[in-house]
Amino acid sequence: MLPGVVYFLLFHYGALAGNVIAFKEYVPFDGLWGSPWAGFGNFRRMFEDAAFWDAVLNTLWIAVLQLVFYFPVPLGLALLLHTLTWSSVRRFVQSVAYLPHFISWVIVVALFQQVLGDTGLLNSGLSGAGLHTVDIIGDPDAFKPLVVAQVIWKDAGWGTIIFLAALAQVDEQQYEAAAIDGAGPWRRFWHVTLPAIRPVVVLLLIMRLGDILSVGFEQMLLQRDAVGPQAAEVIDTFVYHQGIVGGDYGFAAAAGLFKGFVGALLVYAANKVAHRLGEQGVYR
């Protein structure tokens with residue numbers, strides 16, 4: 001465990017000390033302690049910045065869409081894989097479903113552009129058939145459903161791993177007893193499968209809520225210019241452009257600290273709800 005502990009201490013917990021620049025007018029040449037204090041000035045600027053609230057709104061919209069449409073997909077895929085009786089077929093399907101997870105977002109975005117872009121495969125077919133073409137990649141109105149579809153294609157298979165592990169722990173005798181009592185497939189799922197995997201579902205849902213404001217930095221950054229910041233700017237890209245590109249490090253750190261604070265509150269609230277429902281949650 002020592003290498004993992006050292007990694008988290010240095011690059012996660014140790015890095016938290018850098019949040020002090022959110023309360024400073026940080027200048028790299030003056031250093032962390034030489035830069036003048038700004039108090040809550042960066043936060044006041046942030047809350048008064050319309051571009052910041054546009055980024056928050058876009059982030060929330062994409063996060064809600066991912067929670068509603070992406071989160072159930074790995075569970076459904078795991079249930080389908082669990083019902084396959086031929087182990088060779090199941091391993092093949094799992095391998096195919098896992099593969100997109102290991103492809104970088106640069107390649108994924110390029111693939112979607114080659115298929116759905118202005119000169120992509122879809123428009124080539126429509127143009128050849130004499131039909132009206134559509135540039136889905138460059139359409140701001142289609143951007144949010146598009147990024148959710150990309151996440152589903154890339155990570156749904158990988159997300160099934162934990163659900164498959166939970167399903168493997170369900171006692172087969174419970175299914176047999178339920179079938180003897182006359183329970184059909186739906187009732188067996190509702191009264192046997194779902195109660196068995198509910199703690200895992202609740203745990204993953206809490207973790208997803210805590211990370212809800214992180215909707216994919218690379219994915220958004222690579223497609224931001226195609227649809228414009230009004231549609232694609234999220235908190236992570238806002239922090240990048242304000243801090244790394246614009247050099248306003250204190251302001252960017254304030255936005256990042258705000259995001260982390262909201263995520264911590266969501267984890268705490270969701271964990272309390274899990275306790276109310278009789279589940280352990282992330283911590284007791």
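Entry on the model. I worked from a predicted model, in which local features need pLDDT of at least 70, side-chain atom pairs count only at pLDDT 80 or more, and totals for chains, interfaces and linings use all residues. Residues are numbered from 1 along each chain as its sequence is written, and side-chain values use heavy atoms, with hydrogens and water left out.

Entry on Thr-59. I looked up Thr-59 in helix α4 (residues 50-70), helices being DSSP runs of H or I with at least four residues, numbered from the N terminus. Thr-59 is buried, at a relative accessible area of 0%, where buried means under 20% with a 1.4 Å probe and protein chains only. A polar atom of its side chain lies 3.0 Å from the backbone nitrogen of Ile-235. Beyond its neighbours within four places in sequence, Thr-59 is in contact (heavy atoms within 4.5 Å) with residues including Val-215, Val-234 and Ile-235.

Entry on the cores. I then noted the largest nonpolar core, with 29 residues, where Met-220 and Phe-143 are among those with the most contacts inside it; such a core is a set of buried Ala, Val, Leu, Ile, Met, Phe, Trp, Tyr and Cys residues joined through side-chain atoms within 4.5 Å. Helix α4 gives the most to this core, with six residues. Leaving aside neighbours within four places in sequence, Met-220 is in contact with Ile-62, Phe-143 and Val-215, among others. A second, separate core of 13 residues includes Tyr-98 and Leu-204.

I found Leu-9 in helix α1 (residues 2-13).

Key:
Helices (H or I, at least four residues) and strands (E, at least two) are DSSP runs, numbered from the N terminus. Buried means under 20% relative accessible area, exposed over 50%, partly exposed in between (1.4 Å probe, protein chains only). A polar contact is a pair of N or O atoms within 3.5 Å; within protein, one must be able to donate a hydrogen and the other to accept it, and residues adjacent in sequence count only if both atoms are side-chain atoms.
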